[in-house]
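Please find below a few notes on this model.

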Amino acid sequence: MNNAVAGFSKLSKEEKINWIAKEYFSTPDEAIQLLKNYWNSDEKIQKLHDEFIENTITNFYIPLGVAPNFLINGKYSTIPMAIEESSVVAAASKSAKFWSTRGGFKATVLNTEKIGQVHFMYHGDPSKLALFFVETKQKFFTDTENITKNMQKRGGGILDITLEDKTNLLPNYYQLHATFETKDSMGANFINSCLEQFAKTLKDEALNYGLFSETEKEIQVIMSILSNYVPNCIVRAEVTCPIEDLKEKHIDNPLDFAQRFVQAVQIAEVEPFRAVTHNKGIMNGIDAVVLATGNDFRAVEAGIHAYAARSGQYSSLSHAKIENGNFHFWMEIPLALGTVGGLTSLHPLVKLSLEMLEKPSAQELMQFVAIAGLAQNFAALRSLTTTGIQDGHMKMHLNNILNQFNATDVERTAIRNHFKDQAVSHSAVVDLIENLRK
């Protein structure tokens with residue numbers, strides 16, 4: 001294709017598909033059929049999915065699995081996980097079962113403050129701006145009452161607004177830094193609506209402020225937007241047990257295992273190359289639950305990784321120690337989640353996932369998500385410090401390799417039997433398939 005397409009968004013769904021098939025595929029009919037194979041047979045459900053985003057042509061499936069046996073704060077739960085990567089759900093389930101007989105997981109929400117900012121440029125005397133803010137602060141609250149009244153009824157709203165001088169970072173740069181409580185909603189639309197009203201109030205009041213010069217009155221608002229970095233919206237997840245209770249099939253020497261485990265975490269705390277992969281494993285669990293419950297995993301990822309680098313160096317999200325004969329493993333992470341609004345009330349499988357979790361509040365969902373991340377991290381580190389990561393992962397990945405080569409039922413049985421006591425690798429599976437087919 002050498003030319004831009006005009007009016008694509010105005011085409012019907014069928015017309016969009018036909019155009020794409022004709023422009024990009026050597027076998028257009030096959031491409032069209034593949035896209036339509038993934039449509040939902042229920043027209044109402046398909047229409048719902050079509051309207052989630054723009055220019056929809058089909059659905060992109062990700063498996064929804066469940067990890068049972070999570071004992072959390074003394075109560076059993078089954079956690080839904082939407083993810084395409086082999087071994088993630090199995091690992092979470094294995095961790096859940098392991099800790100269910102060792103006291104289970106504990107989770108605590110430490111705070112739930114969210115943040116939004118109005119970024120603006122002010123050319124003038126900083127002391128005058130500070131005085132203006134003090135005199136105008138109440139007006140920001142008053143002018144947003146029509147936006148905040150429903151949130152306030154639910155116990156939320158604007159917590160505080162401060163003026164931040166950022167001129168040491170950028171000439172003439174200031175912020176209105178606002179904190180919010182949004183209860184069971186993630187709150188993005190609520191926060192952004194408040195911020196845009198703050199910006200309007202800021203500009204209008206500045207124009208009429210008698211102490212400002214004409215130049216100082218011309219405040220330039222650059223943008224008004226929430227922050228996905230929420231370092232004061234924190235949940236803690238943890239497990240602990242006597243060292244001797246760690247003994248199991250692959251852990252003959254619990255003290256040696258605990259020491260190696262702690263050292264593995266310490267390496268991730270000081271070595272960024274390891275920390276990134278370490279934290280990626282945590283995000284396997286976190287993202288899977290965030291996605292299954294209709295929340296924004298990109299926002300969660302961005303905020304959590306920023307938190308991991310808050311010291312100035314990227315580091316491990318989780319921590320471990322041995323103390324008084326006990327093994328402790330824990331994590332504190334920022335999570336801005338919602339259980340009302342957005343996809344939570346629209347997507348049928350999101351509603352199902354939330355019902356499976358017994359219709360949690362946003363704070364309860366924070367706990368489920370954090371625990372899934374900690375469980376995933378424990379499973380990965382247990383494998384790394386005992387049998388190695390590939391042993392379990394590749395056995396779970398075996399199905400994908402067999403599907404890639406369209407293995408028959410007879411071939412699948414023979415291959416699975418062969419690898420019961422053999423290391424699985426892609427090349428080894430391919431070699432076996434080729435030998436079986438000779």
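**Notes on the model**

1. Tyr61 sits in the loop between helix H3 (43–50) and strand S1 (64–72). Helices (H or I, at least four residues) and strands (E, at least two) are DSSP runs, numbered from the N terminus. Residues are numbered from 1 along each chain as its sequence is written. The model is predicted: local features need pLDDT of at least 70, side-chain atom pairs count only at pLDDT 80 or more, and totals for chains, interfaces and linings use all residues, while side-chain values use heavy atoms, with hydrogens and water left out.

2. Tyr61 has a relative accessible area of 49% and is therefore partly exposed (buried means under 20%, exposed over 50%, partly exposed in between; 1.4 Å probe, protein chains only).

3. Helix H9 (residues 254–270) has 17 residues and should span 24 Å at 1.5 Å a residue; its end C-alpha atoms are 25 Å apart, which agrees. The expected span is 1.5 Å times one less than the number of residues.

4. Which residues of H9 are buried? They are Pro254, Phe257, Ala258, Phe261, Val262, Ala264, Val265 and Ala268. Seen down the axis of H9, these fall within an arc of 155 degrees, so they line one face of the helix; the arc is that of the directions from the helix axis to the C-beta atoms.

5. The buried residues of H9 pack against helices H10 (272–292) and H13 (362–384) and strands S9 (318–323) and S10 (326–334) (contact means heavy atoms within 4.5 Å).

6. The protein has 16 helices and 10 strands. Of its 438 residues, 44% are buried. Its C-alpha trace spans about 90 × 70 × 40 Å along the principal axes.
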